[in-house]
Amino acid sequence: MASSTHVVLCAPQKPKDKPSLSGFCQKLEVFLRYSGISYELRDGHPHQGPKGKIPFAEITHDGHTVVVPDSHFIIRYLIEHNLIKDPDDLAGLTAEQRAESRAFQAFIEETYFAIVYERWCIPENYEVTMREIVGNAPWLLRLYLGWTLYRRVTSALWGAGMGRHSWEDVQTLQREAFEALEVKLQGHKYFYGDERPSRIDLTVYGFLANILTAEGNPHFSNMILGSKVMRSFVREMTTALFPEYNELLKKVE
């Protein structure tokens with residue numbers, strides 16, 4: 001791993017002592033923190049990225065800088081260019097475990113859109129979500145941002161199919177994902193034992209940290225907080241990687 005390697009993670013602004021309000025941005029920062037690579041956060045907006053979305057990263061190595069979009073492909077780039085070590089290699093995963101892990105990643109990332117639905121399509125949660133995003137902005141700006149973001153997010157949810165479900169259907173999807181996670185983590189620290197986290201652990205933790213920080217997804221948060229297994233997993237990962245997340249640690253105690 002080259003000592004001159006540096007990553008700039010372009011993502012929405014976030015406090016230093018809290019996870020990002022974007023699940024995919026938080027997932028990427030978890031990988032960067034775990035790898036030990038040099039990185040910094042920079043405020044970024046979707047229109048600035050190559051694919052019109054966040055996160056994207058400016059990766060400097062071997063005397064040049066490349067811009068890579070999408071958390072999945074940023075992580076692939078870093079591993080394939082030998083800039084970070086593959087967590088699956090470090091954890092000693094078998095080929096079968098890697099295949100299962102990749103399938104589980106797709107499942108969890110799809111489930112995240114059920115969380116986004118809870119934040120944006122349930123009126124009382126939408127109000128909370130907007131307060132978290134726009135904060136104390138002038139009311140006219142809040143009105144404009146609220147309208148713009150609501151249309152963008154709900155259109156994306158509808159196009160992906162998630163927005164066509166009822167709230168009851170979405171709750172069912174959330175419950176299925178929660179139960180699957182709880183089963184996989186039952187009886188050991190990580191998905192595949194007690195020694196080291198693998199890619200799926202880092203991915204799942206990134207999304208759980210995001211979910212427990214946001215206040216607009218109380219249904220899923222309450223399921224996590226009601227599970228000793230899930231609280232233990234979040235506490236373990238937070239203590240190891242983000243000990244500055246004091247509020248998150250208090251929630252899972």
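In which helix is the place of Asn-210? Asn-210 is located in helix α8, helices being DSSP runs of H or I with at least four residues, numbered from the N terminus. The model is a predicted one, in which local features need pLDDT of at least 70, side-chain atom pairs count only at pLDDT 80 or more, and totals for chains, interfaces and linings use all residues. Residues are numbered from 1 along each chain as its sequence is written, and side-chain values use heavy atoms, with hydrogens and water left out.

Asn-210 counts as buried because its relative accessibility is 0%; buried denotes under 20% relative accessible area, exposed over 50% and partly exposed in between, with a 1.4 Å probe and protein chains only. With residues up to four places away in sequence not counted, Asn-210 touches Pro-19, Ser-20, Leu-21, Ser-22, Gly-23, Gln-26, Tyr-112 and Arg-119, contact meaning heavy atoms within 4.5 Å. Arg-119 is placed in helix α4 (residues 95-121) and is buried, at a relative accessible area of 6%. Under the same exclusion of residues up to four places away in sequence, the residues touched by Arg-119 include Leu-21, Tyr-112, Asn-210 and Ile-211. The C-alpha atoms of Arg-119 and Ser-227 are separated by 21 Å, the two residues being 108 residues apart along the chain.

Helix α8 (residues 199-213) packs against helix α10 (residues 228-241) at an angle of about 100°, with the axes 10 Å apart. Axes are lines fitted to C-alpha atoms, for helices over the stretch in contact, and angles run from 0 to 180 degrees between N-to-C directions. The angle makes α8 roughly perpendicular to α10, a class covering 65 to 115 degrees (under 35, roughly parallel; over 145, roughly antiparallel; the rest, oblique). On the α8 side, the contact is made by Asp-201, Leu-202, Val-204, Tyr-205, Leu-208 and Leu-212; α10 contributes Met-230, Phe-233, Val-234, Met-237, Thr-238 and Leu-241. By class, this contact has 10 nonpolar, 1 polar and 1 charged residues.

The protein is divided into domain 1 (6-85) and domain 2 (92-252), with bounds from an automatic or database domain assignment. Their C-alpha centres lie 19 Å apart, and the contact takes 21 residues from domain 1 and 27 residues from domain 2.

The structure holds 0 disulfides, a disulfide being a pair of cysteine sulfur atoms within 2.5 Å. For Cys-25, the nearest cysteine sulfur is that of Cys-10, 9.6 Å away; Cys-25 is buried, with a relative accessible area of 2%. Cys-121 is partly exposed, at 27%, and its sulfur is 20 Å from the closest cysteine sulfur, in Cys-25, too far for a bond.

How values were computed: Helices (H or I, at least four residues) and strands (E, at least two) are DSSP runs, numbered from the N terminus. Ala, Val, Leu, Ile, Met, Phe, Trp, Tyr, Cys and Pro count as nonpolar, Asp, Glu, Lys and Arg as charged, and the others, Gly among them, as polar.
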